[in-house]
Amino acid sequence: MESVPCAACSTFFIPRNKLQIFCSTQRCQHARKAQWQKNKLSTDPEYKEGQRLAQAKWLQNNPDYWKKYRREHPEKAQRNRSLQKIRNIRKRKSICKPIGIAKMDARDCSKISLSGQYWLVPMVAKMDPVKIFIASVSGFSP
C-alpha cells in the first residue's frame, strides 16, 4: 500500500487499510475521535441525550467547578466577560440603528463606547482570537 497524507497533520503515512485517513500519532487520533464525536452528536439524538445526561451528572457531582476555574484562570474569565458584553450588544438591536440606504450594514454606533480591551473573534473555524486594545480618541466621532 502507498503512503497517504494524514487528515489532521498532513504528514504521509502507510495506512493499515483503505479506510484509514489519520496517522497513529496521539494528536491525530485525538482529532479523529473529536471528528467522530462531532458527527455522532449531530446525527444520533440518543447519543446526544446520553452525553447531555452524563454532563449534567458530572456537574451535579462537581458543583464548584466553574467557580474554582474562574478563580484559577482570571484572564479567561475576563475574556468571557468582554465577549459577553459584545454578545449582549448584538442582542440589543435598538442600540445600532441602520442609517441611510447606500450600505445595508451601516450603523450609527456613536452611543457605544469602544475604549478598553477586546478580543477580535474570527468568524472562521479553528482560528485563534486576537487581543487588541482600543483607546478612545478625544475629538473623534465616527
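What pLDDT does the protein average, and what share of the residues score at least 70? The average is 81, and 65% of the residues reach at least 70. This is a predicted model, and colouring by pLDDT is a reasonable way to begin the tour.

**Whole chain**

Show the protein as a cartoon. Followed along the sequence, they come in the order β-β-α-α-α-α-β-β-β-β. Of the 142 residues, 11% are buried. Contacts between residues at least 6 apart in sequence can be sorted by separation: 7% of them join residues at least 24 apart.

**Residues 136-142**

Select residues 136-142. Here pLDDT stays under 50. For this stretch the model has one contact beyond four places in sequence.

**Before β1**

Go to E2, in the segment that precedes β1. Is E2 buried or exposed? Its relative accessibility is 65%, above the 50% cut-off, so E2 counts as exposed. Show the neighbours of E2 and leave out residues up to four places away in sequence: E2 touches F13 and P15.

**The loop between β1 and β2**

Next, select S10. This residue sits in the loop that links β1 (4-5) to β2 (12-13). Check its backbone: phi of S10 is near 70°, a positive value in a residue that is not glycine. Most residues other than glycine have a negative phi.

**The nonpolar core**

Select C6, F13, F22, C23 and C28 and show side chains. These five residues make up the largest nonpolar core. Then centre on C23, one of the core residues. Which residues is C23 in contact with, leaving aside its neighbours within four places in sequence? They are C6, C9, T11, F13, C28 and Q29.

**Helices α1 and α2**

Two packed helices are described by the angle between their axes and the distance between the axes. Select residues 26-43 for α1 and residues 45-61 for α2. The two axes come within 6 Å and cross at roughly 110°. An angle from 65 to 115 degrees counts as roughly perpendicular, and α1 and α2 are therefore roughly perpendicular to each other. To see the contact, show W36, Q37, K40, L41 and T43 on α1, with P45, Y47, K48 and Q51 on α2. Coloured by class, the residues of this contact divide into four nonpolar, three polar and two charged.

**Helices α3 and α4**

Move on to residues 65-72, which form α3, and residues 74-91, which form α4. How do the axes of these helices cross, and within what distance do they come? They cross at roughly 105° and come within 5 Å. The helices α3 and α4 are therefore roughly perpendicular to each other. Show side chains again: Y69, R70, R71 and E72 from α3 meet P74, K76 and A77 from α4. By class, the contact of α3 with α4 has three nonpolar and four charged residues, and no polar ones.

Note on methods:
Residues numbered from 1 in each chain as written. Predicted model: local features only at pLDDT ≥ 70, side-chain atom pairs only at ≥ 80, totals over all residues. Heavy atoms only, no water. Axes fitted to C-alpha atoms, helices over the stretch in contact; angles between N-to-C directions. Helix = DSSP H or I, 4+ residues; strand = E, 2+ residues; numbered from the N terminus. Parallel < 35°, antiparallel > 145°, perpendicular 65-115°, else oblique. Contact = heavy atoms within 4.5 Å. Nonpolar A, V, L, I, M, F, W, Y, C, P; charged D, E, K, R; others polar. pLDDT = per-residue confidence, 0-100. Core = buried A, V, L, I, M, F, W, Y, C linked by side-chain atoms within 4.5 Å. Buried < 20%, exposed > 50% of the residue type's maximum accessible area, 1.4 Å probe, protein only.
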